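Open the structure in your viewer and keep the selection tool at hand. Each stop below says what to pick and what is there.

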Amino acid sequence: MDTYAAALMLFLIMDPLGNIPVVLSILKKVDPARRIKVLLRELVIALILMLIFLYSGSALLKLLSLSKEAVSISGGLVLLIIAIRMIFPSRGGVMGDDEDDSEPLVVPLATPMIAGPSILATLVLLAESEPSRSIDWLIALLISWVATAIILIAGQSLYRILGKRGLKAIERLMGMILISIAVQMLINGFLAIQ
């Protein structure tokens, strides 16, 4: 997988367009003057979490005695579930019906919305599959993170332009692409077992 394909995959997993309505909903009770600061803080926290998983992936796998194949298959399954949820979202949405009046800190924006289990598993898989390409994976992560940050910061404007239906259509299209990536991860994992 080349750097740009990895960046696209990570971007699709972060799903910034699909997360816009949820992010706007979470931040609606935050003082409008603080919304961008809160969102930037959460984006930086998510990036730190993703960097930790990218660079401690091999050590984590060794600590848990997991093979690359197990991570590939489990990562593919998680991606498949996320992609199916993108195509067929539940009524409660990503965060359910729980309303909280406090300003978000780490949860739910930084994790699981931006740095969720699927992207963390994918970063571990990338780091373990080709450890010599850690700079490529870092570049891919930074490209996808910057694109996600720009989209989420411009979320209110994009929501006005695309509307709820437009964002749902884009999210479902991204889900279809992500299903193909998930299936390929599963195939790679099963082929590596033989």
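Select helix α7, residues 117–129. Its 13 residues reach 18 Å from first C-alpha to last, close to the 18 Å expected at 1.5 Å a residue. That expected span is 1.5 Å times one less than the number of residues. Helices here are DSSP runs (H or I, at least four residues), numbered from the N terminus.

This is a predicted model: local features need pLDDT of at least 70, side-chain atom pairs count only at pLDDT 80 or more, and totals for chains, interfaces and linings use all residues. Residues are numbered from 1 along each chain as its sequence is written, and side-chain values use heavy atoms, with hydrogens and water left out.

Stay on α7 and look at its cover. Of its 13 residues, 10 are buried (under 20% relative accessible area; exposed is over 50%, partly exposed in between; 1.4 Å probe, protein chains only). Among the buried ones are I119, L123 and L126. Now pick P117, also in α7. Is P117 buried or exposed? P117 counts as exposed because its relative accessible area is 57%.

From P117, jump to I13. The two are 104 residues apart in sequence, yet 9.9 Å apart in space, C-alpha to C-alpha. I13 is one of the buried residues of α1.

Select all of α1, residues 3–14. This helix has 12 residues and reaches 16 Å from first C-alpha to last, close to the 16 Å expected. Nine of the 12 are buried, including F11 and M14. Step just past α1 to D15, which takes a positive phi of about 50 degrees.

Next, the surface. Select Y4, Y55, I135, I139 and I143. Together they form a nonpolar patch with about 540 Å² of accessible area, by the Shrake-Rupley method with a 1.4 Å probe, where only the protein chains shown count as cover for residues. Patch residues have over 30% relative accessible area and no salt bridge; nonpolar side chains (Val, Leu, Ile, Met, Phe, Trp, Tyr) are joined within 5 Å, like charges within 9 Å. A salt bridge puts a side-chain nitrogen of Lys or Arg within 4 Å of a carboxyl oxygen of Asp or Glu.

Helix α8 (residues 134–153) gives the patch its largest share, three residues. Zoom in on I135 in α8. I135 counts as exposed because its relative accessibility is 54%.

Last stop: select K164, R165, K168 and R172, a positive surface patch. R165 lies in helix α9, residues 155–193. With 76% relative accessibility, R165 is exposed.

Methods
Lys, Arg positive; Asp, Glu negative; His and termini not counted. Charge placed at Lys NZ, Arg CZ, Asp CG, Glu CD. Helix = DSSP H or I, 4+ residues; strand = E, 2+ residues; numbered from the N terminus.
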